Amino acid sequence: MKQDCEQGLDRELNQEQNSEQKKNSEREQISEQEQNPERVLNQEQEQERIIERVQMLRESLALAARRFGAPPQLLAVTKQQQPERINLLAAAGIREIAESRVQEWQAKAGQLNPDFALHWIGRLQTNKIRYIIGQVYLLHSLDRPALADELGRYAEQAGRRVPALVQVNIAGETQKAGVDPGDLVPFLRQFGQHPGLDLQGLMAIMPLAEDTETLRPYFRQMRETFDALQKQTISGVSMRHLSMGMSADCTVAAQEGATIVRVGSAIFGPRPYGARPTLQEGTSWS
């Protein structure tokens with residue numbers, strides 16, 4: 001009897017605590033609205049804009065990719081965006097984001113929704129691997145043997161395999177990184193068997209072009225390469241992802257068979273030149 005009474009009192013106490021926490025949260029929200037009404041309104045408007053843009057993009061990509069069945073995954077490129085804007089993506093159903101600068105990622109990672117999965121799309125220096133190796137869901141920019149060696153070594157030491165896409169320099173641009181198409185199969189055979197690497201497909205960055213139609217042959221060549229590799233058996237390699245296309249050319253990429261498109265400005269709007277997210281105290285750019 002005494003135990004029943006104590007349990008009843010505990011339940012009442014927990015209910016009171018939960019009720020008080022809820023009231024405190026509501027008071028904080030009201031206080032925020034009273035003190036910064038424009039900021040709250042702007043956030044709500046921004047969230048609505050992001051949701052609308054994402055919905056339009058998904059509809060456009062689904063239409064463009066009809067002959068391939070499923071539309072490509074919409075990967076949100078969040079570099080140079082403030083954490084509070086990035087967190088609005090969750091309301092639009094986006095759970096995977098892409099970054100390209102180690103210092104920037106370190107500065108804002110702790111302020112982001114922990115449910116986001118991180119993709120890495122920037123050129124990764126070998127001396128920066130240790131800072132992100134335990135956080136990357138999929139690395140898109142495995143672009144050279146030296147990086148593959150170091151990445152695999154770090155991963156093996158950490159007791160894991162890093163999922164990665166091999167970056168292909170499909171247009172043969174001297175200023176861009178990536179494996180030459182003619183060297184792709186030897187590269188895959190060499191590093192596919194590395195115990196620290198899990199090679200899952202290909203990635204390409206297209207040349208800059210005012211007319212995105214001029215890029216169609218490159219997108220098509222990437223898909224043909226992807227399909228040809230799917231028919232081959234290369235140890236340790238699975239052709240699951242073809243990452244190509246950005247905000248300006250993602251429709252053409254979807255039409256030509258991309259499975260992932262990397263989109264930033266089409267979701268967030270034009271990125272201010274030189275913009276960087278606010279750094280937390282004690283953090284510096286290097």
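**View 1. Residue classes in the lining of the largest pocket.** By class, this lining holds 15 nonpolar, 12 polar and 10 charged residues, where Ala, Val, Leu, Ile, Met, Phe, Trp, Tyr, Cys and Pro count as nonpolar, Asp, Glu, Lys and Arg as charged, and the others, Gly among them, as polar. The model is predicted, so that local features need pLDDT of at least 70 and side-chain atom pairs count only at pLDDT 80 or more, while totals for chains, interfaces and linings use all residues. Residues are numbered from 1 along each chain as its sequence is written, and side-chain values use heavy atoms, with hydrogens and water left out.

**View 2. Centre of the largest pocket.** Of the 37 residues that line the largest pocket, Lys79, Ser100, Ile121, Ile205 and Met246 lie nearest its centre. Two or more lining residues come from each of helix H4 (102-108) and strand S8 (260-263), these elements being DSSP runs numbered from the N terminus (helices H or I, at least four residues; strands E, at least two). The largest share, 3 residues, is that of H4.

View 3. Arg223 is found in helix H8 (residues 216-230) and is buried, because its relative accessible area is 16% and buried means under 20% (exposed is over 50%, partly exposed in between; 1.4 Å probe, protein chains only). Leaving aside residues up to four places away in sequence, Arg223 touches Phe68, Leu242, Glu256, Gly257 and Thr259, a contact being heavy atoms within 4.5 Å. In the chain as a whole, 42% of the 286 residues count as buried.

Methods:
On a 1 Å grid over the protein atoms alone, a cavity is a set of points where a 1.4 Å probe fits but cannot get out, and a pocket is an open set with protein on both sides within 12 Å along at least five of seven lines; lining residues have an atom within 4 Å of a point.
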